[in-house]
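Student: Hi! Could you walk me through this structure?
Tutor: Happy to, let's look together.

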Amino acid sequence: MGLSLVIFLLGGLLYKKLRLGGSPLTRLAQVVVAAVKKRKMSLLDDSSKLYVNKELDATISVHGRLLHTDQFRWLYKAAVVTRKEEQVQKPNLWRLVTVHVVEELKSIIRMLPNIICCLLLRCVAAHFQTSVLNFFYFFVIVRVIK
């Protein structure tokens with residue numbers, strides 16, 4: 001037991017430690033809000049014109065960027081730079097987000113079916129477990145009464 005504790009504590013030195021970059025749920029909400037605000041804009045054909053800011057992404061990314069995907073392209077509207085936003089040096093993150101944050105949200109959306117299936121499986125397992133226990137308790141009580 002002591003050896004496993006020592007290995008666990010020494011293994012902590014190998015982790016990459018990052019400064020806190022804010023709540024991930026806030027970033028995801030910012031993408032949705034920005035995409036809804038820009039819902040009437042047309043999508044750009046060239047993805048290189050989308051907003052990229054390495055300083056903003058430095059706190060949430062260790063090894064580079066997420067790859068662009070074609071799913072949920074309407075979320076890219078959150079990263080389209082408008083004329084008004086070009087003039088501002090520091091953008092309002094509720095109106096303009098980086099492509100990396102958009103890709104984070106898209107990857108979470110793609111994981112939702114797995115998460116829902118796991119939750120449903122756990123609910124069924126919990127129900128089955130309680131019904132088996134109720135069945136067991138019923139027979140124990142019946143035998144005690146006889």
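Tutor: A term to start with: patches are made of residues with over 30% relative accessible area and no salt bridge, where like charges are joined within 9 Å and nonpolar side chains (Val, Leu, Ile, Met, Phe, Trp, Tyr) within 5 Å. A salt bridge is a side-chain nitrogen of Lys or Arg within 4 Å of a carboxyl oxygen of Asp or Glu. Accessible areas come from the Shrake-Rupley method with a 1.4 Å probe, and for residues only the protein chains shown count as cover. This is a predicted model, where local features need pLDDT of at least 70, side-chain atom pairs count only at pLDDT 80 or more, and totals for chains, interfaces and linings use all residues. Residues are numbered from 1 along each chain as its sequence is written, and side-chain values use heavy atoms, leaving out hydrogens and water.
Student: Which residues make the nonpolar surface patch?
Tutor: Ile108, Met111, Leu112, Ile115, Ile116, Leu119 and Leu120 make it, and the patch covers about 630 Å².
Student: Where is Leu112?
Tutor: Leu112 sits in helix H5, residues 99-145; helices are DSSP runs of H or I, at least four residues, numbered from the N terminus.
Student: Why does Leu112 count as partly exposed?
Tutor: Because its relative accessibility is 39%; buried means under 20%, exposed over 50%, and partly exposed in between (1.4 Å probe, protein chains only).
Student: Is Cys117 buried or exposed?
Tutor: Cys117 counts as exposed because its relative accessibility is 52%. Cys118 counts as exposed too, at 54%.

Notes. Helices (H or I, at least four residues) and strands (E, at least two) are DSSP runs, numbered from the N terminus.
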